Amino acid sequence: MKKVTYRNQISKVLGISLVVFMLFSISLFAQDEAAATSDVAVTEGFGGDAAKGKTLFNQNCAACHSLTRKMTGPPLANVESRLSEDEGLDREWLYTWIKNSSGMIKSGDAYANKVYTEYAQAPMTAFPTLSNADIDDILAYTAAPRPAPVVAAGAQVAEGGEGKSSGISNEMILGALAIVFGLLIMMLVLVQRTLKRIAAANGVDLEKTKGEQRLPLWRAFAQNQFLVLVSVIFLLLAGAYFAYGWVMQIGIDQGYTPIQPIHYSHKIHAGDNKIECKYCHSSVRVSRHSGIPSLNVCMNCHKSIYEYQGNPEGPSKEDLANGYTNEFYTAEIKKLYKAVGWDEEDQKYTGNTQPVEWVQVHNLPDLVYFNHSQHVEVAGVECQTCHGPVEEMEIMTQYSPLTMAWCVNCHRETNVKVEGNEYYAKIHEELSKKYGVDQLTVAQMGGLECGKCHY
Amino acid sequence: MASNKKYWKNEVELNPNDSIVETLRQNEFVEEIPVDEFLGDKDNLSETNTNRRDFLKYVGFSTAAASLAACEGPVRKSIPYVVQPENIIPGVANYYATTIANGFDFTSVLVKTREGRPIKIENNTDAKVNGGANARVQASVLSLYDSTRLQGPLKDGEPVEWSAVDDEVKAKLNALKTSGKQIALLTQTYASPSTAKLIAEFKEMYGVVNHVTYDAISEEGALSAFEAKYGERALADYDFEKAEVIVSFGADFLSDWQGGGYDSGYSKGRVPKNGKMSKHVQFEANMSLTGANADKRVPLAPMFQKVALAHLYAKLNGTGVSGDLPTGVPEVLDAVVAEIKKNKNSAVVVTGLADVNAQTIVLAINEMLGSKAFDAEAPKYVRQGNIENVNALISDMRAGSVGALIMDGVNPMYTLPNAAEFAEGIEKVDLSVAFSTNWNETTEMANITAAANHNLESWGDTEIKKGHYGLIQPTIKELFDTRQLQNALLQWMGSDKSYYDYIKETWSADLLGESEWNQALHDGVYVAASGALSEEIEITDVDESETSSTVDISAAVRSLANATSGEGMELTLYSKVGMGDGQQAGNPWLQEFPDPISRVSWDNYVMVSKKDAENLGFINENVANGGLNGSYARLTVNGISIDNVPVIIQPGQASGSIGMALGYGRQVGMKSEMQTGVNAYPLYQGFNNVQSATIEKSSGMHEFASMQLHNTLMGRGDIIKETSLEIFNTKNHAEWNVVPVVSLNHQEVPATSVDLWDSFDRSIGHHFNMSIDLNACTGCGACVIACGAENNVPVVGKQEVRRSRDMHWLRIDRYYSSEDSFEEDNIKKDEFDGLSGGKGSLGGFGELEHPATNPQVAFQPIMCQHCNHAPCETVCPVAATSHGRQGQNQMAYNRCVGTRYCANNCPYKVRRFNWFLYNNNDEFDYNMNNDLGKMVINPDVTVRSRGVIEKCSMCIQKTQKSILDAKRDGRVIKDGEFQTACSMACSNGAIVFGDINDKKSEIAELRESDRMYHLLEHVGTKPNVFYHVKVRNSNEA
């Protein structure tokens, strides 16, 4: 049922593959540079600076507009030419619209009202701060040919080339090593044979010196009762040690990495995009539960992030090796849309939801009471202290053993964060005097009492 | 002078030769382990095919299988909201103010919800009237999750759609408009302005509507008397806090008398302040909760109560009246009169006699005294039932002139004494619709069963007392396809409004502005500025005629004084604190709730005095396992008999009288475990709670589940310290609150100063203590249910309770003592000389007290005392129970291996052993074995498994939460923030909880009180729970 992978093994494999990766990574950089340059070369023309326009677009427009698809507002690729061709509207119309859309709607402009009603009667935010030149830049960006295919091509190249070669390289190394070992063995055999021949040539009788009087080693061992006894005891003790170790790890799911219904990557969210843990796990501040974010929290961002575009450099080698391509991630976003009942075409909720059944990673038994807010909000413990480097985890895994010994050790070693907390003022003063210390540990504060966690 | 009374829990204890008492004293766990049962039968053993080797094979295999199975944990799913409601944070409780108004109980409450499901009911301290939830209200949250609830409307027993019901009812109603037949609405008391208005509109629309209000347990006498005098059908309100002298003639005002809710005011007046406390004299037949709390209780059959009341009126008035009273009673009456005359306007007289004359006289007396505690200006509306109308309706039904009958909140087929006539009538009604949450006796007869909302799923409003409004708001969406009557009426009137809109409109139009609505909803209560009462929302069928002068007091007095009883015994029907009128009979918490007086759970019974029992041959006996058995009786009233009524011999029962509780014996739609007791409603003839009955013995013995003999305190020491007000006021506390002495180095020193162990320094941090004031505690038991709800205490069932395996963490011990002979008893006891002989102690204790007459009663809530030197902690072989710095004795269930040494070593007998797995076990078919019932479980407290000891944790989950909240806000904890479930439930202020290291806190002050003592001080356990000496105002009268 549960798939428990051991972190040590993973790190070893990762270590080896890192070495290999380093060997082959030089060519990759060259590839990336090529991809990056292709982005800029497109823009001059239309009386605006498309590069500047891109920045402005991302700052001001991207929350509601995409270039190619409907979002809160209409797609903006080639918006100017589209307007002039379909509606006969010029750039002046756009200036007015962008600077004061609601004024235009009120004035009764036909197309303005049409757009207004089409997009759920949500008026576009007015941007009076944008100058006409800025708008020109944005329009230049919207009119520029899209660089998107380049990224896809890059990904394909990467998949076809480096992805495979890294696989082959492992085999090659192993093969080479095998050949080296084979050669070494052959050399040894040859050397021995040569030596024998030399000995024969010198008239030394090898067979005799080996001697039949000598007992085989195993028989000598078997006849020495003391040695046998010691070895048996040693084996038994060793066996008991390992058996105990095995028994004690039963029920401890450190390294538990279940496969989730949606491949949610903490690495992308918390690592690459540096989203604060507590943004999504908001109840961690006030509740015993960290809370799995409800899907509407996902939709705060994923209303506009409808596809995965990876890092600026494109997906890494490892990701590609695992099949974590941009398409893969985009498909996972679609799973989210399906679960939350989001109609991408019409940009609205259908109300047809399918709650996601996540597999719980950290299974604390019912007999223990653990409160997140106590640790995170009061004590200021970093999430990573217990959950490990989540921002590096592609798939969430149980980092800590979550045993009582692990809890208790931490309580013994950690000082209570009393600064600026009026609650602790009196008790800290009295207790630290009693124990003769400056800083009280959680244990000294009473954090080892059974009833603090078991009730 | 300290009270040295000998307390006893059951008269059997007084018999020194009774082996059972001795057995119970010696054995903590009553039953032997039944080894002999399966090893003693040699034949059986030799016949079996399983030999020793096989057995070992099985053991080996199952061990291996179990360990293999343990290697892989189950995969647990975690499903978050798709769209999380803004106000719900998983793990954080929300509270909503609402009102429980089920026709019997009317209480403003706070409902605690977790992740959207109500899990506990708490008192609404903002409410000025009826803000204290009693045991039934506390338990009503479990009725919400009753697995036998109706899940949708039914027609002739088959599920139908609501739309079909609507069509049929609407068509019928429209047809009846012109047919001449009436449309009858038979409902509970709503005391709801909006419902009254809605029904008036419904009447207006369909014309021929006859709204009849019906209370299962009627207050007809009081309502009629009040109506005659003040012109409004309501009940006078009383504030017992303001009364110095309380005289009650059969009024059980600490439980359900006239709608209840009087106990917190009473308790406040009972705590001696500045040397004063109220004086309470009770004349009654049954030993009631109120009588148990009285300073002077006079057991008097109902007939004599009437005569006594007439005498009292005459004496206060200075006139004379005929009628004889038993010896002793006139003297008591004289003393009472003197007392009343001394206190005049701070005296109050109440009666629970259903007789309208008695009620009229009581109103007249209170009016005459100008009693401060009496309030007829702003009366209560919690009972509206009208017997005349009910009877008229039944005869109309039988005459065939009722076209449609719509019932809500009533179960007449069960509660009506003349149910047979009703059954005959309902056959002749064209269309009968019964709104009900459960399948019951009435829905069985009705054409259409409309599945109704539970109170906690409904909208509504109340006017409990004139000018005091309350709102009912749902705390959870309807669990099933149910609908409340008001919404159905709106639907049938063709309105597209919901009842919520309707209430909001009514309130906004008549009571308050838009801005105040949210505040009122938040508070749950709203008190109208005086005089702001709008006429429109007055109950419409109130007769406004001026009738106060027409009441003929002298005739009433004459009729009372000439009261006679019929043949046989006088039967007083009453309602139990735990069961009320029986509408929550399917609630396992209430079934297992022991009666405060008899300590019997899962049953009702007929109470007989010892003298009468001897004459009639009734016996109560304790069998070998400690269970109580009682004879069966056959009760006959007016030709109607009920058989096999178990008998309890009740000390204090007035001789010549018997008592029996209503509300039991429900059958239809109930789980078999819940079908307990016998139905006494057939005896409730003419809705009179006093009947003349004949009683005779029938064969067989009934097995009671009584907690009476369980967990005896082994006769050790002064458990309840008691003194009289005079001594309390005049003597030093060393005399009436005696600290036991022990011998140290051949010198007698106070036991509290001797310590076997080293004490820890507990002055740092919090140190929790609990104070229990025996004067304020009425024994009502709301705390018991609250404790169970908070701490997931399992229900174990009748058989297990009988085996003393009840799991209540908090119990209220009830002790009987003897009265009047107190001083003589003392002298006699002091004069005991040797074991046997005329003054020997061996038989002396038995002679000392006369159990059959009229004992005084004391209640003592006992939970884990959280001893600082806990005997349980030192004997646990696995250190599963240990002490925290904050004073709590902690219990780690996962560490417990179930040796039960701790339970054996506990001097207070508060530890409970899980003999079985009570959850997910169909052998215990109560609430923890089904998904619905499990919704009531508090997620912050572990559900215990089989084989571990459990006990009161002093609600450590609540104290930890308070601490965490303060830490998060970075502030110091305020006094009053620390609470336990029981201290929160106690609206009487008997239980106070807090941190004694906070020197300014209430609890620190209470600990310094002269009345403070610890239970079994001489044992040296240094408990963190302390009690306050009970003071009785009993030196005179």
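In strand E27 (residues 657-662) of chain B, which residue is the bridge partner of B:Leu573? The bridge partner of B:Leu573 in E27(B) is B:Met660.

This is a predicted model, in which local features need pLDDT of at least 70 and side-chain atom pairs count only at pLDDT 80 or more, while totals for chains, interfaces and linings use all residues. Residues are numbered from 1 along each chain as its sequence is written, and chains are lettered from A and ligands numbered from 1 in the order in which they are written.

Helices (H or I, at least four residues) and strands (E, at least two) are DSSP runs numbered from the N terminus, and two strands are said to pair if DSSP finds at least two bridges between them. The pairings described in this report are set out below.

| Strands | Sense | Bridges | Opposite residues |
| E23(B) and E27(B) | antiparallel | three | B:Val606 and B:Met660 |
| E10(B) and E13(B) | parallel | five | B:Val245 and B:Ala347 |

Six of the six residues of E27(B) are buried, a residue being buried if 20 or more other C-beta atoms, placed from the backbone, lie within 10 Å of its own, exposed if 12 or fewer, and partly exposed in between. Leaving aside its neighbours within four places in sequence, B:Val606 is in contact with residues including B:Ile658, B:Gly659 and B:Met660, as well as B:Ala633 and B:Ile695; contact here requires C-beta atoms, placed from the backbone, within 7 Å.

**Cores**

A nonpolar core is a set of buried Ala, Val, Leu, Ile, Met, Phe, Trp, Tyr and Cys residues joined through C-beta atoms within 7 Å. The largest has 278 residues, and those with the most contacts inside it are B:Ile361, B:Leu560, B:Val606, B:Cys783 and B:Ala786. Helix H11 (residues 302-317) of chain B gives the most to this core, with nine residues. A second, separate core of 15 residues includes A:Ala50, A:Cys61, A:Leu76 and A:Ala140.

**The parallel sheet and its helices**

Four strands of chain B form an open sheet in the order E12-E11-E10-E13, with parallel pairing, and its edge strands, E12 (296-299) and E13 (347-351), each pair on one side only. Neighbouring strands are turned by 10° against each other on average, direction ignored. H11(B) packs on this sheet, touching E10, E11 and E13 of chain B, and its direction makes about 140° with that of E10(B), whereas helix H13 (residues 356-369) of chain B lies across E10 and E13 of chain B and runs at about 175° to E13(B). For such angles, axes are lines fitted to C-alpha atoms, for helices over the stretch in contact, and the values run from 0 to 180 degrees between N-to-C directions.

H11(B) is mostly covered, with 13 of its 16 residues buried. At 1.5 Å a residue, its 16 residues should span 22 Å, and the 23 Å between its end C-alpha atoms agrees with this; the expected span is 1.5 Å times one less than the number of residues. The helix is followed by B:Gly318, whose phi is positive, near 80°.

**Where the chains meet**

In the interface, 40 residues of chain B are in contact with 47 residues of chain A. On the chain B side, helix H31 (956-969) and strand E1 (77-78) each give two or more residues, and H31(B) provides the largest share, six residues.

Methods
Two residues are in contact if their C-beta atoms, placed from the backbone, lie within 7 Å.
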